[in-house]
Amino acid sequence: MDGTKEMGGLRNVSSVCSISEMDDFDLSRLLNKPKLNIERKRSFDERSLSELSNGLARGLDTYETTHSPGGRSGFGTPASSTRNSFEPHPMVADAWEALRRSMVYFRGQPVGTIAAYDHASEEVLNYDQVMYWKCHKALAFDFQVFVRDFVPSALAFLMNGEPDIVKHFLLKTLYLQGWEKRVDRFKLGEGVMPASFKVLHDPIRKTDSLVADFGESAIGRVAPVDSGFWWIILLRAYTKSTGDLSLAETPECQKGMRLILTLCLSEGFDTFPTLLCADGCSMIDRRMGIYGYPIEIQALFFMALRSASSLLKHDEEGKEFIERIVKRLHALSYHMRSYFWLDFQQLNDIYRYKTEEYSHTAVNKFNVIPDSIPDWVFDFMPTRGGYFIGNVSPARMDFRWFALVLLWLLTAACIKTGRPQIARKAIDLAETRLLKDSWPEYYDGKVGRYIGKQARKYQTWSIAGYLVAKMMLEDPSHLGMISLEEDRQMKPMLKRSSSWTC
């Protein structure tokens, strides 16, 4: 297996780069934003995690303007050991070995990672297939790379100073975006990104070929809504990590972003700024009743819009899209904060709603049926604080939320809010089970006591997510890859509840 394996696969990289002025605080200034300046410098070298946490707890906006150094994440490296006292857990080496084993190559170049690889099982998974050639006794190996699944792997490689696999992935998926997309006799939009792609290795002809899936092979035959958003988010993370704007500024990447934005910013019959989606179109790719306006898609939509606004060039076409992005972001932010947020008072108001109200004076704007509120919500809802519910659409509110196996996002949120100790406890708990349970895809049960009924073993997002979480705790400046600068014009009008600071 190619790749450096120092310290359990972690590369010791001494060079550090960062980007200053990558994004604006104020969306209204996007149209007049000067060309991005790139400078290489050390960031957070002299700041300990405890200092950073205290600063964030006081409302410090330091993270909003920091950018992740590409490659200063090696546990035990001189740079890390001088700042923090973290010792590498024995699982780290195993995780890196498993992650590198999942790498997929196309014509000698790494282009992604397979979603799961259980080397102890002979069962052929949906993720990787073996195809028999009728005319030959040899085998053709077909490995599948899912766009959404590769994101935590990409972040792990970026944080470890290995950006090449991420660059190759971005370029290959961009190339596939240009393919004609048909499901049965229906042609999909030009900007749709593939849900996944396969690398078919033909040992007889000694050739590699790519085969894209735009939903025709997906569960329920649903096109991926999230793939394009993840692609833009990952392009920004690559740019932030490496300090290299040349990739994002290529005509191909600029066109790719504009095609994705054309799809999601198009005007139609919808009366909401959120995106209408089919069931199974995102990370939750099985039928679980998330059709409508799932919060996962709206969050990715928001992040992708903010990311695109910083990456689009300020030429004639770019400025037009930035104008549309600014308008949509303000509407989307207001809508999410007004209608997706649920606290004790809001729940009580919904419980007392009248139905079938007509006219612009209606209080029950979405015609929610109070009897549809599940009983568990009333017992669960605290008197202070609240949460963003999973879905809001006409006559339907989904009060569930889905705890995906995205440990790295939890860690990022904890660091940004100045509560790294919460992430550390979560990681400590995960370390007691993940390796022992062979890195399962997910856990079942209210408290996650059982390995998921259909969970794959050696799930790559579990492995990579663990590594990303560990590296962010070891070097919090990596948060700049996935953290957004706060836009002061988009702050909510309502004050945060006191539970936010508890």
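How many aromatic pairs does a search of the whole structure find? The count comes to 13 aromatic pairs. Keep in mind that this is a predicted model.

**Rings**

- Take Phe169 and Phe197: they make a tilted pair, with 6.3 Å from centre to centre and 40 degrees between the planes.
- Phe169 belongs to helix 6 and Phe197 to strand 9 (residues 196-202), so this pair ties together parts that sit 28 residues apart in sequence.
- Phe169 counts as buried because its relative accessibility is 1%, and Phe197 is buried too, at 0%.
- Tyr175 and Trp179 are edge-to-face, because their planes are at 80 degrees, with ring centres 6.0 Å apart.
- Trp179 is partly exposed, with a relative accessible area of 28%.
- Phe272, Tyr293, Tyr339 and Phe366 are joined by ring pairs into a cluster.
- Over the face of Phe214 you'll find Lys181, 5.3 Å from the ring centre.

**Helix 8**

- Helix 8 runs over residues 251-265, and its 15 residues reach 20 Å from first C-alpha to last, close to the expected 21 Å.
- Its buried residues include Cys253, Met257, Leu261 and Leu265.
- The buried residues of helix 8 pack against helix 6 (164-177), helix 7 (226-242), helix 9 (295-311) and helix 10 (316-340).

**Asn391**

- You'll spot Asn391 in strand 13 (residues 391-393), and it counts as buried, at 1% relative accessibility.
- The Asn391 side chain reaches the backbone nitrogen of Tyr293 at 2.8 Å.
- Asn391 also touches other residues, among them Ile290, Pro294, Phe340 and Met397.

Conventions
Residues are numbered from 1 along each chain as its sequence is written. This is a predicted model: local features need pLDDT of at least 70, side-chain atom pairs count only at pLDDT 80 or more; totals for chains, interfaces and linings use all residues. Side-chain values use heavy atoms; hydrogens and water are left out. Helices (H or I, at least four residues) and strands (E, at least two) are DSSP runs, numbered from the N terminus. Buried means under 20% relative accessible area, exposed over 50%, partly exposed in between (1.4 Å probe, protein chains only). A polar contact is a pair of N or O atoms within 3.5 Å; within protein, one must be able to donate a hydrogen and the other to accept it, and residues adjacent in sequence count only if both atoms are side-chain atoms. Contact means heavy atoms within 4.5 Å. The expected span of a helix is 1.5 Å times one less than its number of residues. Rings of Phe, Tyr and Trp (its six-membered ring) pair if their centres lie within 6.5 Å; planes under 30 degrees apart count as stacked, over 60 as edge-to-face and the rest as tilted. A charge sits over a ring if NZ of Lys or CZ of Arg is within 6 Å of the ring centre and within 35 degrees of the ring normal. Lists of a residue's contacts leave out its neighbours within four places in sequence.
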